[in-house]
Amino acid sequence: LLDARANVSLGVQILGWNVRNYGLWKGVAVYNDWAARTAPADGPYPNAGYVDAVRAQYQLQGPTP
């Protein structure tokens, strides 16, 4: 998608669906790698490095109110 607004909007929808269906961290893993959907809920995930990087940023910045 070359339209930035459409790209971000669709990404937020996909991530939101994943989080609702898989939980926060597995939802992040599935967003980045569809194959992670078969991983256990608490991991390990095939893309653990990505999930760890997102988790580290989340912990630094905290959740958005």
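Is Asn 47 buried or exposed? In this predicted model, Asn 47 is found in the loop between H2 and H3. Its relative accessible area is 8%. Asn 47 therefore counts as buried, the cut-off being under 20%. A polar atom of the Asn 47 side chain lies 3.0 Å from the backbone oxygen of Ala 29. Ala 29 is also among the residues that Asn 47 touches, together with Asn 32, Asp 33 and Ala 36. That list leaves out residues up to four places away in sequence.

Val 30 lies in helix H2. Its relative accessible area is 3%, so Val 30 is buried as well. Beyond four places in sequence, Val 30 touches Asn 18, Tyr 22, Ala 36 and Arg 37. Asp 3 stands 27 residues from Val 30 along the chain. The C-alpha atoms of these two residues are separated by 23 Å.

The largest pocket holds about 170 Å³ of space. Its lining consists of Leu 15, Val 19, Leu 24, Trp 25, Val 28, Tyr 31, Tyr 50, Val 54 and Tyr 58. H2 gives the most, with 4 residues. The lining comprises 9 nonpolar residues, with no polar and no charged ones.

How values were computed:
Residues numbered from 1 in each chain as written. Predicted model: local features only at pLDDT ≥ 70, side-chain atom pairs only at ≥ 80, totals over all residues. Heavy atoms only, no water. 1 Å grid on protein atoms, 1.4 Å probe; cavity = no way out; pocket = protein on both sides within 12 Å on 5 of 7 lines; lining within 4 Å. Points joined across faces, edges and corners; volume = space filled by probe spheres on them. Helix = DSSP H or I, 4+ residues; strand = E, 2+ residues; numbered from the N terminus. Nonpolar A, V, L, I, M, F, W, Y, C, P; charged D, E, K, R; others polar. Buried < 20%, exposed > 50% of the residue type's maximum accessible area, 1.4 Å probe, protein only. Polar contact = N/O pair within 3.5 Å; in protein donor to acceptor, adjacent residues only side chain to side chain. Contact = heavy atoms within 4.5 Å.
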